[in-house]
Amino acid sequence: MKLLVVFLVVLFGVWLWRQGRLADRADTKPPTPRKPPALPNEMVRCAVCGLHLPATEAVSNGRVSFCSVEHQRQAE
């Protein structure tokens, strides 16, 4: 009889431990989805000095890109 009581106490302890683990899993938030990586910028070459720079920072006259307005004036 004494052994049965010890077994039931151990069984109850295991049950409590598992309930706590399940509750911890339920509390954790699912991971947020990652942002897609940023697309690389298109690089262009300055027609005067040959510097490569992002197309968004370049000065362009429609067909040729320059690194600055000064280089655009030099090319004209």
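Predicted model: local features only at pLDDT ≥ 70, side-chain atom pairs only at ≥ 80, totals over all residues.
## Cysteines, fold and one buried glutamine

The chain holds zero disulfides, a disulfide being a pair of cysteine sulfur atoms within 2.5 Å. C49 is in no disulfide, and its nearest cysteine sulfur is that of C46, 3.7 Å away. C67 is likewise in no disulfide, with the sulfur of C46 nearest at 3.7 Å. The table lists both residues with their exposure; partly exposed means a relative accessible area between the limits for buried (under 20%) and exposed (over 50%), found with a 1.4 Å probe and protein chains only.

Residues are numbered from 1 along each chain as its sequence is written, and side-chain values use heavy atoms, with hydrogens and water left out.

The chain has two helices and four strands. These are DSSP runs numbered from the N terminus, helices being H or I of at least four residues and strands E of at least two. Along the sequence they follow the pattern α-β-β-β-β-α.

The overall dimensions come next. The radius of gyration of the chain is 34 Å, whereas a compact globule of 76 residues would have one near 11 Å. This radius is taken over C-alpha atoms, and the globule rule is 2.2 Å times the number of residues to the power 0.38. Along the principal axes, the C-alpha atoms fill a box of roughly 105 × 15 × 15 Å. Of the 76 residues, 13% are buried. Among contacts (heavy atoms within 4.5 Å) with a separation of 6 or more, 7% are between residues 24 or more positions apart.

The accessible surface of the chain is about 7,100 Å², and carbon and sulfur atoms account for 62% of that area. Areas come from the Shrake-Rupley method with a 1.4 Å probe; for residues, only the protein chains shown count as cover.

Q72 is one of the residues in helix α2, which covers residues 69-75. Q72 is buried, at a relative accessible area of 15%. Apart from neighbours within four places in sequence, Q72 is in contact with V59, S60, N61 and F66.
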